Amino acid sequence: MRWALLLFTSLSNARMSEMDKQTDLIGFIEQIGEPAYRGRQIFKALQHRRLQTFDEMSDLPKALRERLRETATASTLTVESRYLSVDGTRRFLMKTHDNFPVETVFIPEERRDTICFSSQSGCPLQCTFCLTAQLGLLRSLTPGEIVEQVIIALNDAYGVGEKPARGTNLVGMGAGEPFLNFDSLLHATRIMADPQGLFIVPHRVTVSTAGVVPRIRELAAIPDRPNLAISLAAPNDELRDVLMPINKKWPLEELLGACREFEQTLKAGERFTFEYVMLDGINDSDEQARQLANLLNRHDLHAKVNLIPHNPADPLPYQPSPATRVEMFKAILESKGIHTFVRKPRGRDIFAACGQLAAVTQSVALGASSGRVEQL
């Protein structure tokens, strides 16, 4: 069972360089002289009940709880600030045990909640329209740190261990390039899918990549995979080279060839989308809409296209396309058989929207905002 894959905790007496190593939970429990079933209890307490301290695990013997406190920690992320948007979106600014920023966004919706998690602290890809790129890559997150973001967001919204009122969807669209932390990402999604834990199954998880072609092909061969979204932002190599420098390594023809291979492996119920950030006067003309439609049709791709009006932030040099321009772009795509959807921005006022996550603090983000912040 998957609970045996991971010790969600880290050994507190380990050297700092070893803090992020994942240890087999059953092996750890047996090493300290406890029966294997205690590992199952602890996993359920951490994942299903969403407890974050050993003291809360009252079904464990007191002596075991004391032993665990001496040798392990049940959580490693610290919430430093919590921002609340006028639209109900929540942004959490957290720190890792070694003081790197991690950001997570909780988005309530009528029929479901969506949690946007980060796969890295910062990002190495330098996309020019994304504020996160200003940070550069600080480090990749462990499976435990990815899972813990979801636990923190759920506990904040509903209370510790309380069942969410609606379904929960996850999107790996926070800080970082998930496919540059591929193994940890998949490890985390498998932990969260366990029926004895959070039980958020892969078809409720969507992961976005800027176009790491080898990992797209690798994902195509994995049966228990999350849904895939590809960030495009441009209909030709010349513009995409500028907006998304990763295109110089894997240009559009190679990227869309891999996408075609992936699409051919889709099973019933799986979702495959393209994300297109709309930048005023940069990538939103009628001609560029036709180029995009022709590009997708030439590769015989049938994935939905999500149009995302850019979420502005200093010092980025872009503005969002006007609503009328977005609608015209959408109409041209649809006239050429491309299923298109315009994504409504959420949490702009607290720097929680797509492309805005850059560990922005209260004084910078909310100086003239109607959002609220809590220093924790």
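User: At what angle do helix H9 and helix H10 pack?

Analyst: About 35°. This is a predicted model. H9 covers residues 286-298, and H10 covers residues 323-335.

User: And how far apart are their axes?

Analyst: The axes of H9 and H10 are 9 Å apart. Angle and axis distance together are how two packed helices are described.

User: Is the crossing left-handed or right-handed?

Analyst: H9 crosses H10 in the right-handed sense.

User: Which residues make that contact?

Analyst: From H9 come Asp286, Gln288, Ala289, Arg290, Leu292 and Ala293. From H10 come Arg325, Met328, Phe329, Ile332 and Leu333.

User: How many of them are nonpolar, polar or charged?

Analyst: Seven residues of the H9 and H10 contact are nonpolar. One is polar, and three are charged.

User: Let's zoom out. How many helices and strands are there in the protein?

Analyst: There are eleven helices and 15 strands.

User: What share of the residues is buried?

Analyst: Buried residues account for 55% of the 376 in the protein.

User: And the contacts? What percentage joins residues 24 or more positions apart?

Analyst: That share is 66%, counted among contacts with a separation of 6 or more.

User: Which lining residues are closest to the centre of the second largest pocket?

Analyst: Arg50, Lys163, Pro164, Leu198 and Phe199. They belong to a lining of 16 residues.

User: What classes does the lining of that pocket have?

Analyst: Six nonpolar residues, six polar ones and four charged ones line the second largest pocket.

User: Let's stay with Arg50. Where is Arg50 found?

Analyst: Arg50 sits in the loop between helix H2 (37-47) and helix H3 (62-71).

User: Buried or exposed?

Analyst: Arg50 has a relative accessible area of 4%. The limit for buried is under 20%, so Arg50 counts as buried.

User: What about its backbone? What is the phi of Arg50?

Analyst: Arg50 has a positive phi of about 60°. Arg50 is not a glycine.

User: Which loop holds Asp300?

Analyst: Asp300 is in the loop between H9 and strand E13 (304-309). Asp300 also has a positive phi, about 55°, and is not a glycine.

User: Why does Asp300 count as partly exposed?

Analyst: Because its relative accessibility is 35%.

User: What does Asp280 touch?

Analyst: Beyond neighbours within four places in sequence, Asp280 is in contact with Gln319, Pro320, Ser321 and Pro322. There is also a C-alpha separation of 7.0 Å between Asp280 and Tyr318. Those two are 38 residues apart along the chain.

User: Which strand has Ser231?

Analyst: Strand E11, residues 227-231. Ser231 is buried, with a relative accessible area of 12%.

User: What does Ser231 touch?

Analyst: Leaving out residues up to four places away in sequence, Ser231 touches Ser208, Thr209, Ala210, Arg240, Met244 and Glu275.

User: And Ile222? Where is Ile222 found?

Analyst: Ile222 is in the loop between helix H6 (213-220) and E11. Ile222 is buried, at 13% relative accessible area.

User: Which residues does Ile222 touch?

Analyst: Phe182, Leu186 and Arg190, not counting residues up to four places away in sequence. The C-alpha atoms of Ile222 and Leu186 are 9.8 Å apart. Along the chain, Ile222 and Leu186 are 36 residues apart.

User: One more. Which helix has Glu261?

Analyst: Helix H8, residues 252-263. Glu261 is partly exposed, at 37% relative accessibility.

User: How far in space are Glu261 and Ile216?

Analyst: They are 8.9 Å apart, C-alpha to C-alpha. In sequence, Glu261 and Ile216 are 45 residues apart.

How values were computed:
Residues numbered from 1 in each chain as written. Predicted model: local features only at pLDDT ≥ 70, side-chain atom pairs only at ≥ 80, totals over all residues. Heavy atoms only, no water. Axes fitted to C-alpha atoms, helices over the stretch in contact; angles between N-to-C directions. Helix = DSSP H or I, 4+ residues; strand = E, 2+ residues; numbered from the N terminus. Left-handed = near helix turned anticlockwise from the far one by under 90°. Contact = heavy atoms within 4.5 Å. Nonpolar A, V, L, I, M, F, W, Y, C, P; charged D, E, K, R; others polar. 1 Å grid on protein atoms, 1.4 Å probe; cavity = no way out; pocket = protein on both sides within 12 Å on 5 of 7 lines; lining within 4 Å. Buried < 20%, exposed > 50% of the residue type's maximum accessible area, 1.4 Å probe, protein only.
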